[in-house]
Amino acid sequence: MQSILDLWNATTAFFTGPSVQTAYDLMNGFNALIWGPPMIFLLLFLGIYFTYRLRFLQKYTWPAMKLSVQKVESEGMVSSFGSLAVMIGATVGTGSIIGVTTAVAEGGPGALFWMVVAGFFNFAIKYCECLVAFKYRVKLEDGEYVGGPMYYLSRILKYKKLAVIFATGTLLMGLTAGSALQSNSIADALREGYNLNPWYIGAIVAALAAVVIIGGVKRIAAYSEWLVPIMGGLYLLLAIIVVCMNFTSIPSAVLVVLKGAFTGKAAAGGAVGVGIMALVQAMVPGVTAGITRAVLATEAGLGSASIAAAAAKTRSATQMAIVSATSVFWAIFICSLTGMVIILAGDWQNPNVYAANLCNSAFKTVPYIGTPILIFSLVIFSFTTIIGWGYYTEKALQFLCKGSNKLVTPSRIIFIVLVFVGGWIGTTFSWDWIINDSLSRTAEANMSTRFMWALVILTMTMMTLPNIWALWCMRKVIVKTTRANLRNIVGRQAMRKNK
């Protein structure tokens with residue numbers, strides 16, 4: 001009831017005096033209503049259901065990783081590793097780094113616990129959506145293979161309206177999370193680390209993204225294949241160094257996470273709850289922040305990663321699905337390390353730091369290399385997410401245009417423009433390359449980041465609901481296909497252990 005009242009007040013305030021703040025309050029009110037207990041229950045239930053029915057696929061993570069680097073000659077657009085690199089590039093980025101910082105800042109350390117829990121079960125969801133996307137992919141007249149929730153919704157389940165809603169949501173997601181939010185994170189990181197002007201950063205990132213995106217899926221996959229290992233390795237090295245530097249504080253940090261998961265942000269900070277209802281209400285922000293960021297960090301439930309899976313050169317849908325699911329492991333692993341670094345640093349309780357500057361305040365504890373490596377990683381992470389979502393956006397538009405590529409070029413132009421706009425949205429224009437940092441400018445940048453995240457969660461709804469409904473409708477096909485083919489993927493001994 002309170003959520004409905006808050007949404008009504010936010011709506012009234014927006015139409016009375018439109019501004020970035022009132023628009024943020026309106027979207028935040030709607031998101032709080034949708035991404036409350038019902039959505040959380042649906043996602044956790046689906047993940048738990050498929051984890052059980054598919055006999056805990058998570059234990060095949062290591063064999064699947066080995067499969068991902070095997071070269072296979074089959075029909076498709078890119079290699080299975082290239083497809084996986086596009087997925088990881090599109091997910092392991094803002095969602096796994098900035099997403100964690102915003103989750104902890106908004107929901108407390110307990111949000112990290114729920115992010116990991118959701119990520120574990122999201123492995124099964126990612127497997128399922130990539131399996132059906134590859135199994136029911138479509139070969140267009142020009143020889144291109146395409147697929148994803150919009151195709152199995154419309155062609156297999158005959159839910160054409162839901163397919164249109166999903167494709168529209170993917171298009172909007174690409175034009176918000178995939179473009180503007182990423183460049184916003186890059187500009188925020190460079191502003192925080194080196195006081196560089198966000199307006200110029202937005203222009204540079206847009207120009208670089210244009211070079212890659214115009215080359216299509218093969219160029220996107222080629223860039224992702226060599227960028228993803230570099231960015232992942234450097235970032236993990238830095239995170240491990242920070243954790244080791246604070247080794248003695250790890251037990252207390254873990255205790256704070258566990259306590260915050262079941263008592264809320266206030267209690268994690270030292271306050272004491274006063275009853276069951278107060279306890280539940282205190283938990284809601286952490287659970288909501290953790291699960292919504294887990295969806296964005298892993299893309300499991302969104303269905304977007306299955307668009308890349310459908311283009312892969314792989315022998316079977318089962319093999320591509322289990323390979324694709326390993327992207328969830330990497331995303332959650334990076335999320336966990338990031339969260340521990342943020343909590344060990346302690347600045348998550350500071351209201352003046354948010355997103356990239358919260359990351360920087362934690363990683364700069366490593367002398368000389370901390371800030372440079374963090375900023376480099378954030379820039380590369382966000383850039384690979386941009387080029388990955390550039391592809392997803394094109395495929396969604398292609399579906400809405402019934403296979404036609406007539407609007408691809410205009411969509412690329414709009415996408416690149418939004419990358420530029422995202423870099424400086426909410427910040428004051430300046431001609432200077434170097435800008436003087438101040439609390440007002442930091443608050444300005446934080447507001448723009450909060451606004452972008454609220455917009456992203458809003459568009460996630462249009463993708464998540466149709467996709468999880470489709471997976472539920474196809475649950476029998478998923479289980480049957482998996483049990484029939486998994487023997488050939490993981491070996492007879494692995495299958496015998498599951499009987």
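Q: What share of the protein chain counts as buried, and what makes a residue buried?
A: Of the 499 residues of the protein chain, 59% count as buried. That word means under 20% relative accessible area, while exposed means over 50% and partly exposed is in between (1.4 Å probe, protein chains only). Keep in mind that this is a predicted model: local features need pLDDT of at least 70, side-chain atom pairs count only at pLDDT 80 or more, and totals for chains, interfaces and linings use all residues. Residues are numbered from 1 along each chain as its sequence is written, and side-chain values use heavy atoms, with hydrogens and water left out.

Q: How do you know how confident the predictor is about the protein chain?
A: Look at pLDDT, the predictor's confidence in each residue, from 0 to 100. The protein chain has a mean of 77, and 77% of its residues reach 70 or more. Confidence is highest in helix α8 (residues 149–156), at a mean of 92, and lowest in helix α22 (residues 492–497), at 44. Residues 266–279 are below 50, and this stretch has nine contacts in the model beyond near neighbours in sequence, a contact being heavy atoms within 4.5 Å. Residues 492–499 also stay under 50, with 10 contacts beyond four places in sequence. Where pLDDT is low, the predicted coordinates should not be read in detail.

Q: Why is Leu397 counted as buried?
A: Its relative accessibility is 12%, which is why Leu397 falls in the buried class. Leu397 is part of helix α18. Apart from residues up to four places away in sequence, Leu397 touches Leu171, Leu407, Val408 and Ser411. Thr170 is 227 residues from Leu397 in sequence, yet their C-alpha atoms are 8.7 Å apart in space.

Q: Is Ile369 buried, partly exposed or exposed?
A: Ile369 has a relative accessible area of 38%, so it is partly exposed. Its place is the loop between α17 (356–363) and α18 (370–400). Ile369 and Leu238 are 131 residues apart in sequence, and from C-alpha to C-alpha they are 8.4 Å apart.

Q: What makes a group of residues a nonpolar core, and which residues have the most contacts inside the largest one?
A: A nonpolar core is a set of buried Ala, Val, Leu, Ile, Met, Phe, Trp, Tyr and Cys residues joined through side-chain atoms within 4.5 Å. The largest has 106 residues, and Tyr127, Ile322, Phe363 and Leu471 have the most contacts inside it. Helix α16 (residues 317–345) gives the most to this core, with 16 residues. Leaving aside neighbours within four places in sequence, Leu471 is in contact with residues including Leu46, Phe50, Ile125 and Tyr152. A second, separate core of 22 residues includes Ala210, Ile213, Ile386 and Phe415.

Q: Why is the pair Glu394 and Arg412 called a salt bridge?
A: A salt bridge needs a side-chain nitrogen of Lys or Arg within 4 Å of a carboxyl oxygen of Asp or Glu. The closest N and O atoms of Glu394 and Arg412 are 2.5 Å apart, so the pair passes that cut-off. Glu394 lies in helix α18 and Arg412 in helix α19 (residues 408–424), so the pair ties together parts that are 18 residues apart in sequence. Glu394 and Arg412 are both buried. A search of the whole structure finds one salt bridge.

Q: Why is Phe41 called exposed?
A: Phe41 has a relative accessible area of 55%, so it is exposed. Phe41 is in helix α3.

Definitions and conventions
Helices (H or I, at least four residues) and strands (E, at least two) are DSSP runs, numbered from the N terminus.
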